[in-house]
Amino acid sequence: VDVDTRSILANFFGALSSNNGVSTPISGWNLTSDPCKDRWTGIFCDSKNTAVRKIYLDKMNLAGPLNVSICYVPSLAASLSVLSLINNNISGEIPEEIANCMHLTRLYLSGNQLSGKLPQSLARLNNLKGIGISDNKFTGELPDLARITGMEMFLAENNQLSGKIPNFEFSNFLLFNVSFNNFSGSIPRNGGKFSVSSFMGNPGLCGPPLPNKCPKKGPSTDDILMYSGYFILGLAFLLFVIVKIMKRKREEKEKIERVNKVAAVDISDNKLGPSSAEYKSGVSRSEISMTSVDADSAMVSTSLIVLTSPVINGLKFDDLLKAPAELLGRGKHGSLYKVICDNGMVLAVKRIKDWTISINEFKLRMQRLDQVKHPNVLPAIAFYCSRKEKLLVYEYLQNGSLFRLLHGTHMGVRFEWTSRLNIAATIAEALAFMHQELQEDGIAHGNLKSSNVLLNKNLEACITEYGLMADEESQSIPNNITGPESKANVMNPFKEDIYRLGVILLQLLTGKLVQNNEFDLAKWVHSVISEEWTVEVFDRSLVQEGASEERMLHLLQIAIKCTKSKPEERPSINQVAVMINSIKEDEERSVVLES
Ligand SMILES: Nc1ncnc2c1ncn2[C@@H]1O[C@H](COP(=O)(O)OP(=O)(O)OP(=O)(O)O)[C@@H](O)[C@H]1O
């Protein structure tokens, strides 16, 4: 590294650390050593150790004004891509000269005392992908950051920023948050990608996803002409729809009473169906399930079919009907209710809507699934089905899901590397077992994600909702991702499970939220890796914990293979299970050696 870079770096750090009144013990950072070769703390260089690529000085107790002298030295300005000064005590404004660091891709300044307007020059940093300025005291309007086309992340919550939110190209964004500022006007369209929590706390903002609508402007003559055209077209369409709806309503009315009788969540007082009558008379549960399935060939089943689970011991169908139900979630495919029965048993009842599987097919599928048991896959206890609606009854697992573990508030409880690795290995093994057993039946999980990985009472991973989605509905990985040449493989739901398992592995490694859909996270990781910043993808808490970089990289490689866009390039679940287990064995060996 040249002399100019060395001395400007030493000055930069010296200026910020001398302001805190305490001399920060930090290794290196003196003119007699080399920032790259002597590994100055917080400095990361290229592979040849000749150019400084990144500066990370988070939580260093730095104070005083932000000086951007580092952007004056041409060689440093040309190589520096990341400047991160998170959680210090730096104050004052961001100088306009920050734009001299033309190659910055990430600027992280959250958690400081910075104030004033963001410099207009920031919008000239065309390579920026991520800006983090949360928890500062910035005011005024944002520069036109929408000009920067490759932005993926903008975090600015908890400032006093005002004016309109720039018209960002949200389709590329992975993270966005401007909550708790003074922004006003309508929220730019983001296709539902970011929720209320990204925008709340700005009294002047309006429009979706916020509940308050924006005031409407009066229509122009052009608008009036256009709308009258639409109106005539709409009217014709409406007439057509009304006729259709009336027809359908008549049909539905005939059925609705029967459906309500059995929807546990509607807590009706209706009489029981034939299978529960049999239940009362003391027939064993497995017999009931068989008789019900065989006897019921009508179009609408009115009975709850109890499978062979021992957990349900003593539960009657009307217990389920009368028990209070609490809505836990409304997912893409239906709703989930927590039901507490009189005898204290707590159940989770999934109500699936609009699954176009026939009743008989559904019953056969549930029976087949009931024959395949794995300790880390939650079995259904009972089910109900009509043409419109399907109910699945599961044991309620009170320890939450992997999603909550990764993203919930745990008040300082660390989700450690070894736990993450164990969960990954458990999911892969359970999935390998299920895939093997159900290969011929073509029943894959279909909706594997971190909220469908629960923790059982031993805090082991337990996959739920296996096989609940019809095959055609589980094809949510778009064709443009997989490419037309692999259409045949797109139809393979087992390969889709592998993709989703890969995304879960990525979540475990990065700690990142799957905001909109799985592809965003996979795309982000693939892009960071292609820029050779692999280590940057890992969850900071894993790095801080001192988790083995080698083993994290190994797991990352598996995740990358699983999320290959061409299904045929993804490994088989057996290969994945074997690979993850070998990392686990390595980890266990190293723990033994260290102790
Ligand atoms: N058996 C269970 N016991 C306890 N919690 C559960 C159980 N099954 C699911 N949950 C949790 O209840 C919440 C709602 O579940 P739901 O299945 O409706 O959501 P989802 O998985 O996000 O949606 P979907 O499966 O429809 O795509 C999730 O947080 C999930 O982790």
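Which residues of the largest nonpolar core touch the most other members? They are Val393, Ala424, Ile427, Ala428, Leu501, Leu505 and Leu555, in a core of 78 residues. This is a predicted model. The chain has 595 residues, and 36% of them count as buried. It holds 17 helices and 22 strands. Among contacts with a separation of 6 or more, 54% join residues 24 or more positions apart.

- Ala428 touches Leu501, Ile573, Val576, Ala577 and Ile580, leaving out residues up to four places away in sequence.
- Another core lies apart from this one; it has 52 residues, including Leu76, Leu85, Ile131 and Ile187.
- In soluble globular proteins, nonpolar side chains tend to be buried together.

**Ala425 in close-up**

- Ala425 is also found in helix H9.
- Ala425 counts as buried because it has 22 C-beta neighbours inside 10 Å, and the cut-off for buried is 20 or more.
- Its contacts beyond four places in sequence are Ile580, Asn581 and Lys584.
- Ala425 and Ala577 are 152 residues apart in sequence, yet their C-alpha atoms are 6.4 Å apart in space.

**Helix H13**

- Helix H13 covers residues 493–510, which is 18 residues.
- From first C-alpha to last, H13 reaches 26 Å, close to the 26 Å expected at 1.5 Å a residue.
- H13 is mostly covered, with 18 of its 18 residues buried.

**Helix H16**

- Helix H16 runs over residues 549–562 and has 14 residues.
- Its first and last C-alpha atoms are 20 Å apart, close to the 20 Å expected at 1.5 Å a residue.
- The buried residues in H16 are Met552, Leu555, Leu556, Ile558, Ala559 and Cys562.
- These residues lie on the same side of H16, because they cover an arc of only 160 degrees around the axis.
- Leu555 also belongs to the group in the largest core that touches the most other members.

**Around the ligand**

- The shell around the ligand has 19 residues, and Gly329, Gly331, Leu336, Ala348 and Ser401 come nearest.
- Strand E16 (325–331) and strand E17 (334–340) each supply at least two residues of this shell.
- By class, the shell has seven nonpolar, 10 polar and two charged residues.

**Val82 and its surroundings**

- Val82 is found in strand E4 (residues 82–84).
- Val82 has 20 C-beta neighbours inside 10 Å, so it counts as buried; the cut-off is 20 or more.
- Beyond four places in sequence, Val82 touches Arg53, Lys54, Ile55, Thr105 and Arg106.
- Val82 and Cys101 are 19 residues apart in sequence and 9.8 Å apart in space, C-alpha to C-alpha.

**Backbone points to check in the viewer**

- Most residues other than glycine have a negative phi, and most peptide bonds are trans.
- The peptide bond from Pro208 to Pro209 is cis, with omega near 5 degrees.
- Pro209 is found in the loop between strand E14 (204–206) and helix H3 (221–262).
- Asn61 is not a glycine but has a positive phi, near 60 degrees.
- The loop between strand E2 (52–56) and strand E3 (63–65) holds Asn61.
- Asn61 counts as partly exposed because it has 16 C-beta neighbours inside 10 Å.
- Asn158 is another residue other than glycine with a positive phi, near 55 degrees.
- Asn158 sits in the loop between strand E10 (153–155) and strand E11 (160–163).
- With 20 C-beta neighbours inside 10 Å, Asn158 counts as buried.

Conventions: Residues numbered from 1 in each chain as written. Predicted model: local features only at pLDDT ≥ 70, side-chain atom pairs only at ≥ 80, totals over all residues. Near = placed C-beta within 6 Å. Helix = DSSP H or I, 4+ residues; strand = E, 2+ residues; numbered from the N terminus. Nonpolar A, V, L, I, M, F, W, Y, C, P; charged D, E, K, R; others polar. Core = buried A, V, L, I, M, F, W, Y, C linked by C-beta atoms within 7 Å. Buried ≥ 20, exposed ≤ 12 C-beta atoms within 10 Å, placed from the backbone. Contact = placed C-beta atoms within 7 Å. Expected span 1.5 Å × (residues − 1). Arc of directions from axis to C-beta.
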